[in-house]
Amino acid sequence: MLDRLDGPASRIIVGLVAIHAVRAVEIARLDLADADVVRRTLAVHRGEHTHTVCLDDLSARLVADWLRERIRRWPQASNPHLIITTHSYRHPASPQLSYCALRAAFDQVGLLPRQVWADRILYEARETADPVHLVRLFGIHPNIAVKYVHAAHPDKACPASADRAAGPVHLLVTSR
């Protein structure tokens, strides 16, 4: 799929969603400082916490290719965002990448960013059936991870009627 995309910007955008399930809106918000090529990490800010994405060989190459292209095209860029465009590289307000620019990358392969994100998580859920693994790998909320595991393995999920028949479950947690 990445080979069908026209340039490093499109490849990094689609690659981060397809490989690491980084949401499109999170990609738009990434700053240059969030990409650490030496340590092969990407800091994805989510509200009050930061999810660290460990970049595999392909992802590290996509980031490095984009950074080379960014420097080549706009060596004096003042916009601190990782992904910039011809319209935003020296914009005084330093805007993040627009949704239209993000969508343009996905339009080349005929998919929506949300579809690619969901498919990536569902694929991993089928492989592992471990919601804790999904939380650690993608930095998603535990409830979302459980829903994806149940979708991937419906035979292992508790039937909804059994949950309701049993009534609410109360846990007593004590501290010493």
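Residues are numbered from 1 along each chain as its sequence is written, and side-chain values rest on heavy atoms, with hydrogens and water left out.

The average pLDDT of the protein chain (the predictor's confidence in each residue, from 0 to 100) is 89, and 89% of the residues score at least 70. The pLDDT falls below 50 over residues 161–176. Beyond near neighbours in sequence, that stretch has one contact in the model, a contact being heavy atoms within 4.5 Å. Where pLDDT is low, the predicted coordinates should not be read in detail.

Secondary-structure elements are DSSP runs numbered from the N terminus, namely helices (H or I, at least four residues) and strands (E, at least two). Three strands form an open sheet in the order β1-β2-β3, with antiparallel pairing; two strands pair if DSSP finds at least two bridges between them. Strands β1 (35–36) and β3 (49–54) lie at the edges, each pairing on one side only. Strand β2 (residues 41–46) is joined to β3 by six bridges, and the two run antiparallel. Two residues separate the strands in the hairpin of β2 and β3, where G47 adopts a positive phi near 60°.

Helix packing is described by axes, which are lines fitted to C-alpha atoms, for helices over the stretch in contact, with angles from 0 to 180 degrees between N-to-C directions. Angles under 35 degrees count as roughly parallel, over 145 as roughly antiparallel, 65 to 115 as roughly perpendicular and the rest as oblique. Helix α1 (residues 8–20) and helix α4 (residues 99–107) cross at roughly 80°, and their axes come within 9 Å; α1 and α4 are therefore roughly perpendicular to each other. The contact involves S10, I13, V14 and V17 of α1 together with L102, A105 and F106 of α4. By class, these residues comprise six nonpolar, one polar and no charged, where Ala, Val, Leu, Ile, Met, Phe, Trp, Tyr, Cys and Pro count as nonpolar, Asp, Glu, Lys and Arg as charged, and the others, Gly among them, as polar.

Helix α5 (residues 113–128) packs against helix α7 (residues 142–152) at an angle of about 65°, with the axes 8 Å apart, and α5 is therefore roughly perpendicular to α7. The crossing of these two helices is right-handed; a crossing is right-handed if the near helix is turned clockwise from the far one by less than a right angle, and left-handed if anticlockwise. On α5 the contact is made by W117, A118, I121, L122, A125 and R126, and on α7 by Y148, V149, A151 and A152. Nine of the residues in the contact of α5 with α7 are nonpolar, none is polar and one is charged.

Helix α5 also packs with helix α6 (residues 131–138), at an angle of about 140° and with axes 9 Å apart, which makes α5 oblique to α6. The crossing of α5 and α6 is right-handed. Residues R120, I121, E124, A125 and T128 of α5 meet H133, L134, L137 and F138 of α6, giving five nonpolar, two polar and two charged residues.

Most residues other than glycine have a negative phi. A129, in the loop between α5 and α6, has a positive phi near 55°. S94, located in the loop between α3 (57–73) and α4, has a positive phi near 50°.
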